[in-house]
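Visitor: I'd like a tour of this model, with the rule behind each label you use.

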Amino acid sequence: MYEQCLPNNSLDLAISSVATHYLSKQVCQIKNGISIDKSDAIELRLMKEQAKDDWRSFVISRGRELKPGGFLITMNISSDGNGDKSMTVEKGLLSLGRFVSDMATECVITQEEYVATNFNSDYLRTPAEFKEPFTSALPEVRELGMELVSVKLIKHYLHHPTFDIVNKDKTEKLEYSRRIVASVYPWMQHVLYEGLSVSRTEDEKQAIIDQYFDRLRTYAFDHSDHKPYLVFTEVVIKKNHI
């Protein structure tokens, strides 16, 4: 998605949802965690530089594909610039990373596997970072006639009946924890899988992944008062007639 996918001037409307936080390539291994908010200064710089290049490429590629008068609408996982970020579980990805750290400490996985388990994304982009291709006056953006229409922060609380119950009983806590696992598994499973050694059998890998999500299920049960939410930045871009 960071390259041109369709012919020039062929789209009236392009929509991207919950995608651009992924980096096009892995530029480092995060040694002391699994996500960008646990990166050191060098790791953070490398990931931020890649995220900047990727977003520029995304905007320019879609700009080539859009017809004059066409629109690009994106919903991007982000932060608000003041420290608030998506929290699917209590303490968010810091908790999800701690389970991996605990498994390394307990020798369920090796230290090498822990270091190799990285969520290769920048989900901490701010509204200012989404504006950058326009505020930096990139010649390709100007030549394509791309105009930044709006940048809007959205804090979205996930919907499920158990998320709104304040004092949950055991059955409700179990359903809450099941739902949390169901919301995390689709995007976290591959992060865990890619970190595991190629010398492991598929059965061994699946057993480790199952254990991870058992830990998440227990944690969610114990923190079932947390109401999960996502922080988005909605970006709307128009291609003008030149």
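Guide: Let's start with burial: buried means under 20% relative accessible area, exposed means over 50%, and partly exposed is in between (1.4 Å probe, protein chains only). This is a predicted model, where local features need pLDDT of at least 70 and side-chain atom pairs count only at pLDDT 80 or more, while totals for chains, interfaces and linings use all residues. Residues are numbered from 1 along each chain as its sequence is written, and side-chain values use heavy atoms, with hydrogens and water left out.

Visitor: Why is Glu-106 called partly exposed?

Guide: Its relative accessible area is 48%, so Glu-106 falls in the partly exposed class. Overall, 45% of the 242 residues of the chain count as buried.

Visitor: What makes the contact between Glu-106 and Arg-215 a salt bridge?

Guide: The rule asks for a side-chain nitrogen of Lys or Arg within 4 Å of a carboxyl oxygen of Asp or Glu. In this pair the closest N and O atoms are 2.6 Å apart, and Glu-106 and Arg-215 do form a salt bridge. The two partners belong to distant parts of the chain, 109 residues apart: Glu-106 sits in the loop between helix 2 and helix 3 (111-116), and Arg-215 in helix 7.

Visitor: How do you know what counts as a helix or a strand?

Guide: Both are DSSP runs, numbered from the N terminus: H or I over at least four residues for helices, E over at least two for strands. Here that gives 7 helices and 4 strands. Reading along the sequence, you get β-α-β-α-α-α-α-β-α-α-β. For scale, the C-alpha atoms fill a box of roughly 60 × 45 × 30 Å along the principal axes.

Visitor: How many salt bridges does the rule give?

Guide: The count comes to 16. Take Lys-48 and Glu-129, whose closest N and O atoms are 3.2 Å apart. Lys-48 is partly exposed because its relative accessibility is 22%. Glu-129, with a relative accessible area of 28%, is partly exposed too.

Visitor: Why is Glu-113 called buried?

Guide: Its relative accessibility is 3%, so Glu-113 lands in the buried class. Its side chain meets that of Arg-200 in a salt bridge, at 2.6 Å from N to O.

Visitor: Which residues are linked in a network of salt bridges?

Guide: Lys-31, Asp-40 and Glu-43 are linked that way.

Visitor: What makes the backbone of Asn-9 worth a stop?

Guide: Most residues other than glycine have a negative phi. Asn-9 isn't a glycine, yet its phi is positive, at about 55°. You'll find Asn-9 in the segment before strand 1 (11-17). With 41% relative accessibility, Asn-9 counts as partly exposed.

Visitor: And what about Lys-91: buried or exposed?

Guide: Exposed, because its relative accessible area is 53%. Lys-91 is another non-glycine with a positive phi, about 70°. It sits in the loop between strand 2 and helix 2.

Visitor: How do you know whether a space is a cavity or a pocket?

Guide: On a 1 Å grid over the protein atoms alone, a cavity is a set of points where a 1.4 Å probe fits but cannot get out; a pocket is an open set with protein on both sides within 12 Å along at least five of seven lines, and lining residues have an atom within 4 Å of a point. Points are joined across faces, edges and corners, and the volume is the space filled by probe spheres set on them.

The structure holds 1 cavity of 30 Å³ or more, and the largest cavity has about 60 Å³ of space. Its lining includes Val-100, Met-103, Leu-192 and Tyr-212. Helix 2 (92-105) and helix 7 (202-222) each supply at least two of the lining residues.

Visitor: What is the volume of the largest pocket?

Guide: About 350 Å³. It is lined by 18 residues, and Ile-77, Ser-86, Thr-88, Trp-187 and Leu-230 lie nearest its centre. Helix 2 gives the most to this lining, with 3 residues.
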